[in-house]
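Student: I would like to learn how to read surface patches and nonpolar cores. Please start with the surface.

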Amino acid sequence: MDRRTTVLTRALAPVLAAGVTAAVVAGAIGASPAAVPAAVPATAASGVVEPASVQSAAYTTAVSAARSTTPTVTVIGTGGTISAIADSRSSFTSYRSGRIAIEDLVAQISPEIGEVADVETIQFGNSGSSGYTIAQFHELTAVVEEALETSDGVVVTSGTDTMEEFAYWLDLTVQSRKPVVTTGAMRPWGALDENGEQVQVFGTDGPANLYNAITLAASQATYCYGTVLMLNEEFHAARDVTKTSSYRADTFQSREFGVLGWIDGDNIKVGRAPARVETCDNPERWATPFDLSTVEASDLPRTEVVWGYQEAGGEAITAFAEAGVEGIVTAGTGAGGISSAQRAARAAAVADGVTFVSTTRTGSGSVYGGGEGVIAGDDLIPQKARLLLLLSLAFAPEDPAQVLEWVTSLGNPEFETTAPVAGTAPGQGKA
Ligand code: ASP
């Protein structure tokens with residue numbers, strides 16, 4: 001079977017049912033994934049009767065090209081557990097990260113990976129994920145962009161602890177429509193035997209994750225999806241995914257939204273698409289405003305997160321504001337609630353020009369409303385809202401209305417579900 005099969009099916013059903021017709025997906029692939037795109041019948045609101053495809057010439061061209069040539073994929077290593085050497089073959093939790101170079105990791109899944117793609121490697125760093133700075137994130141975007149000038153896709157390996165932040169940062173800043181896939185591992189890759197030779201840790205997920213991530217990037221199945229996160233045979237939208245367990249292999253979840261798709265052996269199954277896919281044929285609309293080539297790392301403002309809980313003090317907010325922090329995300333209780341001390345501190349900070357985004361600490365669900373200096377973060381989780389606020393403040397430092405628009409539209413993209421006006425182009429997603 002074709003390794004790079006792409007089938008869009010299940011999760012697009014609600015979109016069809018909601019009345020989006022040719023704007024989002026188009027009809028039948030049937031037995032042959034190459035048979036794209038065809039029109040969805042106007043009566044398709046009853047549900048999916050057959051597999052559908054992204055209606056985009058650019059998407060179709062990218063997927064077809066990946067089938068007829070051997071794609072080039074650049075793997076950028078940054079460290080994490082996937083690069084770790086454990087104390088022994090059975091040491092799942094005791095290990096040192098950053099001990100194996102990315103070139104060696106790729107060599108250890110060769111020659112098989114050579115059947116999938118021509119793979120190049122770049123060692124960006126080799127350490128735990130949470131040690132990376134925003135300035136290094138800025139540099140990582142540039143390295144990814146440069147790699148995509150000559151490669152068909154990029155895989156970034158990182159530690160899983162903040163992989164969702166690596167992924168969302170890249171999702172918000174990489175201007176190329178080509179696939180970017182982040183991956184890593186929950187178990188260390190190897191251990192050293194009594195002769196100092198490297199052996200694999202029992203059941204390590206690193207080799208399979210790396211192999212699948214390169215396969216996914218090579219397939220172009222996520223062309224125009226922005227950055228996706230691939231682990232445990234599943235891939236997720238950068239915006240939606242979060243780490244939910246410190247040790248479990250199925251740690252990454254997208255809660256209300258669910259996975260984008262999964263990889264079963266040679267089959268790549270794509271179940272849903274991020275809303276920005278709708279603008280795939282319009283690169284300028286597809287790209288976010290956050291072109292980092294126009295902004296120095298040193299100009300990126302500090303933004304922080306403050307947690308809400310019973311009788312939380314306001315001092316953290318006050319201290320951040322006094323330290324020059326320009327944006328603060330509150331991870332509030334329930335639908336975004338914060339304590340009275342925090343509210344008082346927030347009001348004072350807003351008066352001093354600090355911008356707030358209100359989110360929930362629950363891990364899912366929306367926060368609505370907002371007000372003077374306070375933007376409702378909807379269903380963005382706090383650490384994602386913080387990155388979006390940071391970039392919005394960097395690109396519109398003197399324009400609160402623009403920051404509000406970016407945080408609420410880029411942060412919460414939706415499919416257009418209103419009927420297109422006769423004679424106009426099909427509706428476009430907000431992001
Ligand atoms: N501590 C590791 C990290 O760098 C965890 C991991 O890679 O899974 O995030």
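Tutor: Val305, Trp307 and Tyr309 make a nonpolar surface patch of about 300 Å². Like charges are joined within 9 Å, and nonpolar side chains (Val, Leu, Ile, Met, Phe, Trp, Tyr) within 5 Å. Areas come from the Shrake-Rupley method with a 1.4 Å probe, and for residues only the protein chains shown count as cover.

This is a predicted model, in which local features need pLDDT of at least 70 and side-chain atom pairs 80 or more, while totals for chains, interfaces and linings use all residues. Residues are numbered from 1 along each chain as its sequence is written, and side-chain values use heavy atoms, without hydrogens and water.

Student: Is valine 305 buried, partly exposed or exposed?

Tutor: Buried means under 20% relative accessible area, exposed over 50%, and partly exposed in between. Valine 305 has 33%, so it is partly exposed. Valine 305 lies in strand E18 (residues 303–307); strands are DSSP runs of E with at least two residues, helices runs of H or I with at least four, numbered from the N terminus.

Student: Which residues touch the most other members of the largest nonpolar core?

Tutor: A core joins buried Ala, Val, Leu, Ile, Met, Phe, Trp, Tyr and Cys residues through side-chain atoms within 4.5 Å. Here the largest has 44 residues, and Val155, Leu210, Ile214, Leu216, Tyr225 and Phe235 touch the most other members. Helix H6 gives the most, with 6 residues.

Technical notes: Patch = residues over 30% accessible without salt bridge, like charges linked within 9 Å, V, L, I, M, F, W, Y side chains within 5 Å. Salt bridge = Lys/Arg side-chain N within 4 Å of Asp/Glu carboxyl O. Buried < 20%, exposed > 50% of the residue type's maximum accessible area, 1.4 Å probe, protein only.
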